[in-house]
Amino acid sequence: MSSWPLARVVPLPGNGYGLEILTGATPAEIATVAAGLPPAAFIDHTSLDGGTTLLFRRFPRGVPDPSAPDTTHHADPDAQTVADGWTPDVTGMPDRGLTPYQVAVGTLLTATDDPAIGARIFGLIQREDPNAVIALASITRPPGCHCQPQ
C-alpha cells in the first residue's frame, strides 16, 4: 500500500484550501482530515484523476462560524441576535438600487407560483451568463399579466 494519503488538505492561494479525496479513501480517513479543518464555506469542487478536491473559503477574521452552536443568548429571548464581529462601514456609500441582473433574477423567480419550480429556476440561472438571464427575463411575463410584449 502507498504511503501517500488518500485524504489530505491542500492550501490554496488567497483565503482558501482544498480537501483532496482520492479513490479508495475510507470515511474514517475523510472524517479525520475534515475534523481538523478551520471554519469555512464550501464553494466548489474540481475533478482529479482518481478523486476530487472540495474547495473551501475561510471565513474572514471576526466572522463567527455559522455552524457553531449559539450559547450566548439562551437566558434572554429578546437579546441581540446579530453575532458580534466585523460589520462593514457603509457610511457615504450611495444606494444605486438594483442592477438589471438582480431585477431579472427577481422576475424569473416570481414567474411561477410553484416553489419547487422557482427553486429549479434558481438552480439553473446560477450557472448562466448574467446577460442571458436579463434577456430571458425580458420575455417573461408575470402570472395573470395580459400585457403585450415590448
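**Reading the sheet and the helix pair**

Analyst: Strand β1 (residues 7–12) and strand β2 run antiparallel and are joined by six bridges. This is a predicted model, in which local features need pLDDT of at least 70 and side-chain atom pairs count only at pLDDT 80 or more, while totals for chains, interfaces and linings use all residues. Residues are numbered from 1 along each chain as its sequence is written, and side-chain values use heavy atoms, with hydrogens and water left out.

User: How should I read strand pairing, and in what order do the four strands form the open sheet?

Analyst: In general, strands of a sheet pair through backbone hydrogen bonds, either parallel or antiparallel. Strands here are DSSP runs (E, at least two residues), as helices are (H or I, at least four), each numbered from the N terminus, and two strands count as paired if DSSP finds at least two bridges between them. In this model the order is β1-β2-β4-β3, with antiparallel pairing. The edge strands, each pairing on one side only, are β1 and β3 (40–48). From one strand to the next, the twist averages 25 degrees.

User: Which residues are the partners of Ile 21 on its two sides?

Analyst: Ile 21 in β2 is the bridge partner of Ala 7, and Ile 21 also stands opposite Thr 52 in β4. The pairing of β2 with strand β4 (residues 51–58) is antiparallel and extends over seven bridges.

User: How is burial judged, and is β2 mostly covered or uncovered?

Analyst: The general idea is a relative accessible area, with buried meaning under 20%, exposed over 50% and partly exposed in between (1.4 Å probe, protein chains only). Strand β2 (residues 16–22) is mostly covered, seven of its seven residues being buried. Gly 16, Gly 18, Glu 20 and Leu 22 point one way from β2, whereas Tyr 17, Leu 19 and Ile 21 point the other way.

User: Which residue forms a salt bridge with Glu 20?

Analyst: A salt bridge is counted when a side-chain nitrogen of Lys or Arg lies within 4 Å of a carboxyl oxygen of Asp or Glu. The structure holds one, in which Arg 8 pairs with Glu 20 and the closest N and O atoms are 2.8 Å apart. This pair links distant parts of the chain, since Arg 8 is in strand β1 and Glu 20 in strand β2, 12 residues apart. Arg 8 is partly exposed, at a relative accessible area of 28%, whereas Glu 20 is buried at 11%.

User: What does Thr 53 touch?

Analyst: Contact means heavy atoms within 4.5 Å. Thr 53, found in strand β4, counts as buried at 8% relative accessibility. Not counting residues up to four places away in sequence, Thr 53 touches residues including Gly 18, Leu 19, Glu 20 and Asp 44.

User: At what angle do helices α2 and α4 pack?

Analyst: Axes are lines fitted to C-alpha atoms, for helices over the stretch in contact, and angles run from 0 to 180 degrees between N-to-C directions. Helix α2 (residues 100–109) packs against helix α4 (residues 130–138) at an angle of about 50 degrees, with the axes 8 Å apart. Angles under 35 degrees count as roughly parallel, over 145 as roughly antiparallel, 65 to 115 as roughly perpendicular and the rest as oblique, and α2 and α4 are therefore oblique to each other. Among the residues that meet are Tyr 101 and Leu 108 in α2, and Val 133 and Ile 134 in α4.
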